[in-house]
Amino acid sequence: MTSTTNGAGKANGRAGSPVAVTLGKKPSAGSFAGGGGGGVAPGAGKTACIRTFGCQMNVHDSDRMRRMIRDAGYAEVERYEDADVVVLNTCYVRENAVDRVRGHLGELSRLKKEGRVKKVALTGCVGAAKESSELRNTYGIDLVLGTHNTYELAEFVGLPGMEETYTPDLPGTEGDHQAFVTIMTGCNYQCSYCIVPTVRGRMSCRPMESVVDEVRRLVGSGTRYVTLLGQTVDAWREKEGARRFCDLLARVADEAPRVWFTTSHPSNMEDRTLKLIGEKETIVGRLHLPVQSGSDRMLRAMHRGYKSDRYRRKIEVFREAVPDGTLSTDIIVGHPGETEADHEETLRLVEDCAFDSAYVFKFSPRKGTEGARLASEVAVPDDIAQKRFLEVLRAVEGSAFRRNRAKIGGVEEIYVRHGRTGDGRAIGETWSGHAVHVPTGARPGEYVTARIEGAGPHVLYAGEPVS
Ligand code: SF4
């Protein structure tokens, strides 16, 4: 068996998979000299632990904070009890998010009393929420940062203070085989159930040249897979100028050997972007396009800004442009006011779109959202929401399993995302975006070619690589 490092492009394969969100991605080495100059780095001889919750935006923010910690000379550790400094980078999307964070803060305040942990920073969406001042007082947190001032961590770990320019320009971690590049932050929508516009603010787009420069720098330092990130990534547009997300994606696809993007909004998704996915050799053929419901009545109540047929038409364009591509979505069941007829519409849409995977959620009210107010008036009983949840999940798994089985017998070029695990298999991704388990010792970032021998609803199984 041999493995390649560059990949031959999707003309020779195709695929993609639901990308497992890597929480708290760890660097390869434990200790980092840094801080520049010849003096002793402020964190030399000290340790730090970063714990990440939530979405890929948070994973990326943690990556940038990790860079500051490295530059300050800290060694990264995995356990709280081994750390001088702990950074909790939090998510506010689920209702129990704050309770979950409380659990961690309680443990950290005990470790502080015992003199093991010295300082604790709370960052991310919970840091931006109004509960943060109460948390700071209750647990004696040393630093609380929201999502737009993570640069302040620099001073906290002993580096010179940074001027805020545009947060995503803060340096990320270079040299890894895959990297996230934030192209926009915030969101201009007001979906009934979502707290993001409150905690992340309105949309702010990064200039194209800044994005392209970062991608070039990452690729130059060994990155082989670039994921463009944004809450509504396809809403990216030039501040002054006519260029849209499709133009940026095309530029990045010319610079990087492998490219993906998330998360998209159906109202922003242009047909030419969908066609570009099929045309460009370097773009993974996977589309994540959250639909949330198949009922127009519910889409209106959620303020999604499109109807189900418009969504279906987008999917038709995608399927035609990328026939072997993978399609994933998000679906919320049990939104306040959802009737059995609305639910039936969702099941019909799931059947029509034949998703390859979906994140299905039971509605969970977020304080401060319209959905929470509606839930106090027209909540869907939990047993009904649970039944609908299982029905949607089974429908998605049925179509995913059928589509995955159709891949058996094909030979695929597979990008190794995670190296060999205990069972001897690495986890990779085809150019079509399917997740594949493959028996290989190839390292993350390398390609192998193998025949697909089996399939489950969530993953493909490849045989020994043929090259
Ligand atoms: S598009 Fe809707 S769900 Fe997505 S981040 Fe914006 S408000 Fe939230």
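In this predicted model, three strands form an open sheet in the order β6-β9-β10, and their pairing is parallel. The edges belong to β6 (178–182) and β10 (259–262). Each of these has a single partner strand, so one side of each is left without a neighbour in the sheet. On average, neighbouring strands here are turned by 25° against each other, direction ignored.

Four bridges join β9 (residues 225–229) to β10 in the parallel sense. Valine 226 faces valine 259 of β10. A helix also lies across this sheet region: α7 (residues 208–220) covers β6 and β9 and runs at about 170° to β6.

Now to a helix pair. Two packed helices are described by the angle between their axes and the distance between the axes. The axes of α12 (residues 340–353) and α14 (residues 382–405) come within 9 Å and cross at roughly 10°. Angles under 35 degrees count as roughly parallel, so α12 is roughly parallel to α14. The residues that make this contact are set out below.

| Helix | Contact residues |
|---|---|
| α12 | His343, Thr346, Leu347, Val350, Glu351 |
| α14 | Arg388, Glu391, Val392, Ala395, Val396 |

By class, the contact of α12 with α14 holds five nonpolar, two polar and three charged residues.

Around the ligand stand Cys187, Tyr189, Gln190, Cys191, Cys194, Val196, Pro197, Gln231, Thr232 and His265. Six residues of this shell are nonpolar and four are polar. No charged residue is part of the shell.

Notes. Residues numbered from 1 in each chain as written. Predicted model: local features only at pLDDT ≥ 70, side-chain atom pairs only at ≥ 80, totals over all residues. Axes fitted to C-alpha atoms, helices over the stretch in contact; angles between N-to-C directions. Helix = DSSP H or I, 4+ residues; strand = E, 2+ residues; numbered from the N terminus. Parallel < 35°, antiparallel > 145°, perpendicular 65-115°, else oblique. Contact = placed C-beta atoms within 7 Å. Nonpolar A, V, L, I, M, F, W, Y, C, P; charged D, E, K, R; others polar. Near = placed C-beta within 6 Å. Pairing = 2+ DSSP bridges.
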